[in-house]
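Dear colleague,

Please find the structure below, handed over for your records.

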Amino acid sequence: MQTRVLTGITTTGTPHLGNYVGAIRPAIAASRRDEVDAFYFMADYHALIKSDDPARIERSRLEIAATWLAAGLDPERVTFYRQSDIPEIPELTWFLTCVTAKGLLNRAHAYKAAVDKNVAEGEDADAGITAGLYMYPVLMAADILAFNAHQVPVGRDQIQHIEMARDIAQRFNHTYGRDFFVLPEALIEEQVATLPGLDGRKMSKSYDNTIPLFAAGAKGMREAILRVVTDSRLPGEPKDPDSSALFTLFRAFASEAESQAFRTALVDGIGWGEAKQVLFERIEADVAPMRARYDELMARPAQIEAVLQEGARKARAVAKPLVAELRDAIGLRSGAAVALGTPAPTAAVPKADKPPRFASFRDADGRFRFRLFAGDGEELLLSQPFDDPKAAGQIQKRLRSLGAAAAVVQSTPAGTMLELDGVAIARLQPGAEEGAMDPALARLRQALDQLAAQD
Ligand code: TRP
């Protein structure tokens with residue numbers, strides 16, 4: 001089985017060298033592994049939380065898409081899309097919002113930091129904080145859960161968000177009595193280098209110390225590298241590679257042998273100016289061919305758009321059926337089905353193609369029940385009510401694993417009951433007349449076998 005690896009890139013800035021080494025390059029390398037099913041997307045709804053500048057949002061989306069494609073992302077292999085092209089994500093966000101404890105969101109680091117800052121400045125605790133910032137973790141949970149991702153590569157600052165996604169998923173699974181969602185895991189790449197920026201601190205947009213990746217051209221990159229801080233040792237004096245940002249930057253691109261040679265040159269007293277030229281040329285050897293592709297792509301936004309539209313189509317093929325199942329589970333069903341006590345007619349759908357399915361719901365007393373429908377929509381079972389949604393979920397699981405062997409029935413005054421371990425757990429074909437039970441039982445057996453074959 002493939003591992004689904006999903007990550008989002010917030011579209012507020014222009015990619016820099018630190019983004020390339022720390023996120024883009026490792027993510028593209030991972031996407032080439034056979035056991036990985038990669039979903040990479042532009043988190044442009046998240047970008048709205050950070051920026052209300054439409055031009056910046058638009059430009060960043062384009063630059064980030066072009067950057068990843070130019071850096072070698074293969075859209076045939078990777079499902080590459082924009083968050084805002086997937087309407088199932090905001091829909092799922094609301095479903096999740098309704099099971100998320102407000103207290104959980106109060107504890108989110110980003111929100112808490114904003115509150116602490118306000119309080120420290122003597123402001124109202126929530127001054128200037130949007131509901132968007134507050135809801136950020138739920139939107140991110142929907143990004144992940146809509147595709148049942150197993151692993152989510154993120155920076156350390158995002159670990160809490162993944163834990164919240166797990167929490168929210170569990171809460172939903174528990175409330176509606178079935179394992180709708182895979183519980184995602186954060187994937188923290190330990191080996192990936194964090195690059196120093198111009199001032200020697202971690203390269204980050206918030207420190208304004210970045211070296212642009214493609215957007216400033218070779219000239220802009222060279223100028224930036226010339227501004228990297230060094231100590232004041234003169235040419236001829238030995239330099240300490242291990243405390244030099246230049247050496248760290250070099251190593252992020254070079255082979256072991258190249259790094260050794262650069263180390264020796266520094267120890268032997270190469271001047272900083274010359275060392276910067278060596279560094280520029282080494283980085284440029286990797287970056288120049290990608291930059292050429294980037295420039296080509298940026299000149300053809302329609303081509304990028306077509307790639308992203310295709311990505312959205314692939315992504316929705318996954319999210320749409322899941323969200324449809326959730327709608328059913330939470331009670332947002334077709335009015336026709338409710339009125340008739342049967343699911344909406346599915347005459348237009350070829351019968352043999354659809355598998356049988358369980359649908360869980362809460363009855364008027366707040367207790368948990370489920371129905372089993374045949375692939376053609378015929379209702380086969382209506383369960384007894386359960387106080388604990390888990391118990392209802394467990395029984396569905398057992399029925400799935402047993403297959404037709406689970407079809408043990410008993411005739412009672414209340415109707416024909418399906419028994420499990422001697423206990424009546426569901427009524428067969430509610431509404432069927434006397435004498436119609438044998439064919440009903442045959443259809444139930446068939447459906448149970450189909451379910452068992454799926455697992
Ligand atoms: N919050 C992430 C960041 O700032 C971006 C993001 C949005 C994301 N949705 C996601 C990452 C889903 C992983 C999975 O880095």
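This is a predicted model: local features need pLDDT of at least 70, side-chain atom pairs count only at pLDDT 80 or more; totals for chains, interfaces and linings use all residues.

Residues are numbered from 1 along each chain as its sequence is written, and side-chain values use heavy atoms, with hydrogens and water left out.

The ligand is surrounded by 14 residues, and the closest are G8, Y136, M140, D143 and Q158; a residue counts here if one of its heavy atoms lies within 4 Å of the ligand. At least two residues of this shell come from each of β1 (3-10), β2 (36-43) and α7 (131-145). Helices (H or I, at least four residues) and strands (E, at least two) are DSSP runs, numbered from the N terminus. By residue class, the shell holds eight nonpolar, five polar and one charged. In this scheme Ala, Val, Leu, Ile, Met, Phe, Trp, Tyr, Cys and Pro count as nonpolar, Asp, Glu, Lys and Arg as charged, and the others, Gly among them, as polar.

Three polar side-chain atoms deserve mention, a polar contact being a pair of N or O atoms within 3.5 Å. That of Y136 lies 2.6 Å from a nitrogen atom of the ligand, and that of D143 lies 2.7 Å from a nitrogen atom of the ligand. For T10, the distance is 3.4 Å, to an oxygen atom of the ligand. Taken alone, the ligand exposes 360 Å², of which the protein buries 89% (Shrake-Rupley method, 1.4 Å probe).

Turning to the helices, α15 (residues 389-402) and α16 (residues 437-454) pack at about 90°, with their axes 6 Å apart. Axes are lines fitted to C-alpha atoms over the stretch in contact, and angles run from 0 to 180 degrees between N-to-C directions. The angle makes α15 roughly perpendicular to α16 (65 to 115 degrees). In the contact (heavy atoms within 4.5 Å), L399, R400 and S401 of α15 meet L448, L451, A452 and Q454 of α16. These residues divide into four nonpolar, two polar and one charged.

Helices α11 (residues 256-267) and α12 (residues 272-298) pack at about 170°, with axes 11 Å apart. They are therefore roughly antiparallel to each other (over 145 degrees). E258, F262 and L266 of α11 make the contact with W272, A275, V278 and R282 of α12.

Finally, most residues other than glycine have a negative phi. N148, in the loop between α7 and β4 (151-153), has a positive phi of about 45°. D208, in the loop between β5 (185-187) and α9 (217-226), has a positive phi near 55°.

Yours sincerely

Key:
A polar contact is a pair of N or O atoms within 3.5 Å; within protein, one must be able to donate a hydrogen and the other to accept it, and residues adjacent in sequence count only if both atoms are side-chain atoms. Angles under 35 degrees count as roughly parallel, over 145 as roughly antiparallel, 65 to 115 as roughly perpendicular and the rest as oblique.
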